[in-house]
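I opened this notebook to record what I looked up in the structure, entry by entry. The sequence and model come before the notes.

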Amino acid sequence: MKLKDSLFTRRKFLNTLIGGWLTALGATIIQPVIKFIFPPYREPEEVILPAADYELPGPNSFKTFPWGSKPGILKRNDDGSLTAFVAVCTHLDCNVTYLPEQRKFYCACHDGWYDENGINIAGPPPRPLRRLDVIVEGEKIIIRRKGESA
Amino acid sequence: MPKQSFREWLETRLGWGQIVNFLQKKEVPRHKHTLWYYTGSAILIFLVIQIITGFMLLLYYKPTLEKAYQSVTQIMTEVSYGWVIRSLHHWSATLMIAFVFIHLLSLWILKAYRPPRELTWMSGVILLFLTLAFGFTGYLLPWDELSLAATKVGTEIPSTIPLIGRWVTQLLRGGADVTGDTLTRFFGLHVSILPLSLILVLGFHLYLIQKHGMSVPLREEKQNRPLPSYPFWPNFILRESVFWLILLGSLITLSLFLPRGLGQPADLMAPAPVGVRPEWYFLFLFQTLKLFPATILGIPGDTIAILLVMVAVGLFFFLPLLDTDPAGRKGKVITWAAVAFIVYAVVMSLWSVL
Amino acid sequence: MKSIFLYLKLILSIGLIFFFFGQNFLPGQPVAQLGQHQLVKEKSSNESVKPGPVNLKEKTAILVFLGWMWLVIAILIYLLIQKIREVDRLYEIKYYDVSSHGQEK
């Protein structure tokens, strides 16, 4: 290529290179900074509840438990088995409650409804409630993330 | 084409060309000691790094008796790169204080405080003490054994000042003893009161430097010939940026190879751990206080020591007013006092370590 | 002519950004380290939380990171020195006095 004006060209060339390598240095350093800013997400692997506190005698009875920083709901089904849900609406993260008389989960924020199996049936929720695995082991009720029961 | 016009669009609105224009006209004199001009901006670079890493640590740090140690542990073990960021904050503080000392001592020896730059020097001394206060308050925040013990000693020292001493200690501690209240107090100082004060004084300091230009050493000034110089922008800034890059690289290397640790959690009831020592920049003072006998002529040795330190600080602050004849004999004595101080500080620091 | 450099700048910047974001040069701090910390917490040494890399992989990652960083710094310093030579020459030929301001970016 023909250089028309060496003074300006040389300057542009240098500025380009300096800009590029400064960007490289910046990218190298900013990466850990960005990673630092996002807090480590710690969802519990499992939660162990004392069975004595969660007897749930009748069918359709329920009790809440802490699932990390979110509430969970442990519910006795009609056949006597236990089901656990993360009691957080899939719409905009509000906490939901179970209404035993209506056999529905209700989210008061935007009038979202789920049936007793956690399936979204009315209102804005896009997905069913998240289900957790429940394992009863003698005096303990172990609640695990879905599909991670060993 | 669009790039050019965007630049022009901004220029008509911001008028930054004037600043560039001003900086191009600002001349930096060139002489043997030009190198010392770089120390000021080195401090600024570390200050910027301190502010950034400080904000980042604030995202996770909890300034209470129960949570402080735990949250620092969390930063160091759970948060991605947490130990790196904390280590950077520590090393950047260390290097910043080191450069503050180098900056002040070099200006002392070069006598840059000569009229009309007396206030530049005095504001610089205030900045030194603000920086040391940052170091002292920040040292307590991780709330481990050593930081608690060092803070107990450090806040006890003012109590030996006659009349107001007890009162100063209580003010610093937020009570009679170092407790969780002290921690909260130091946190407030470290993240709010000190930064605001620092920015105010620093603004004043930089304004004065802009107003009076760079000081030229006496020897060069006496030769009565125009010194060669170059514009601040871009010639001097480009030279400085080479230095900044080296400093940045060294800081990151130090932080990764010598990461800052965390001791046992502080226990208010436990006996002081072995080897309590302040940070290196307080070592010479620490050793000086140790050397004083319990009583001199019936007066407690501590009181005499602290009064002597206060007199020294006063002399240091008013140095430009004392050095009325920089070129003469008195000026030479004052220059040698700087050298004597450096020797004294180094010897005392080494003594307390060995 | 101008556009060539513009492209060069773009390719360099974007390429490098993707290169470093895509690759995890520095080790993340795995949550698994928590367990290790609890082991150290038993009063064994004066430092209860040991900072720094925990395994060989992280140690190498740090060395690679530092090597790369110093390489970039060395290249930048070389380029800056070239730039300094240029601006000094411009200053000597009194370029700034005659040209319009704001040219030098």
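**Entry 1: a helix pair in chain B**

I began with helix 6 (residues 118-140) of chain B and helix 9 (residues 180-212) of chain B, which pack at an angle of about 160° with their axes 9 Å apart. Because the angle is over 145 degrees, helix 6 of chain B counts as roughly antiparallel to helix 9 of chain B. I noted that the model is a predicted one. I then looked up the hand of the crossing of helix 6 of chain B and helix 9 of chain B, and it is left-handed. Sorted by class, the residues of this contact of helix 6 of chain B with helix 9 of chain B are 17 nonpolar, nine polar and no charged.

**Entry 2: chain B against chain C**

Next I asked how many residues of chain B are in contact with chain C. I found 34 residues of chain B in contact with 31 residues of chain C. I listed the elements that give two or more residues to this side of chain B: helix 2 (17-25), helix 4 (68-77), helix 5 (82-110), strand 2 (229-231), helix 11 (232-257) and strand 3 (262-263) of chain B. Helix 11 of chain B supplies the largest share of the side that touches chain C, with eleven residues. By class, I recorded 15 nonpolar, 15 polar and four charged residues on the side of chain B that touches chain C.

**Entry 3: chain B against chain A**

I then turned to the contact of chain B with chain A, which takes nine residues from chain B and six residues from chain A. On the side of chain B that touches chain A, the largest share is three residues, and helix 5 of chain B provides it. I counted the classes on that side of chain B as six nonpolar, two polar and one charged.

In which order do the six strands of the open sheet in chain A lie? I read the order as 1-10-9-4-3-2, with antiparallel pairing. The edge strands are strand 1 (46-50) and strand 2 (62-67) of chain A, each of which pairs on one side only. From one strand to the next, the twist averages 30°.

**Entry 4: strand pairs within the sheet**

I followed the neighbouring strands in turn.

- Strand 2 of chain A runs antiparallel to strand 3 (residues 70-76) of chain A, and six bridges join them. I noted L74(A), in strand 3 of chain A, as the bridge partner of K63(A). Their hairpin has two residues between the strands, and G68(A) takes a positive phi near 65° in it.
- Strand 3 of chain A and strand 4 of chain A are joined by five bridges and run antiparallel. Here K75(A) stands opposite T83(A) in strand 4 of chain A. The hairpin of strand 3 and strand 4 of chain A has five residues between the strands, and G80(A) takes a positive phi near 90° in it.
- Strand 4 (residues 82-86) of chain A is joined to strand 9 (residues 131-137) of chain A by two bridges, and the two run antiparallel.

How values were computed. Residues are numbered from 1 along each chain as its sequence is written. Chains are lettered from A and ligands numbered from 1 in the order in which they are written. This is a predicted model: local features need pLDDT of at least 70, side-chain atom pairs count only at pLDDT 80 or more; totals for chains, interfaces and linings use all residues. Two residues are in contact if their C-beta atoms, placed from the backbone, lie within 7 Å. Helices (H or I, at least four residues) and strands (E, at least two) are DSSP runs, numbered from the N terminus. Ala, Val, Leu, Ile, Met, Phe, Trp, Tyr, Cys and Pro count as nonpolar, Asp, Glu, Lys and Arg as charged, and the others, Gly among them, as polar. Axes are lines fitted to C-alpha atoms, for helices over the stretch in contact, and angles run from 0 to 180 degrees between N-to-C directions. Angles under 35 degrees count as roughly parallel, over 145 as roughly antiparallel, 65 to 115 as roughly perpendicular and the rest as oblique. A crossing is left-handed if the near helix is turned anticlockwise from the far one by less than a right angle, and right-handed if clockwise. Two strands pair if DSSP finds at least two bridges between them.
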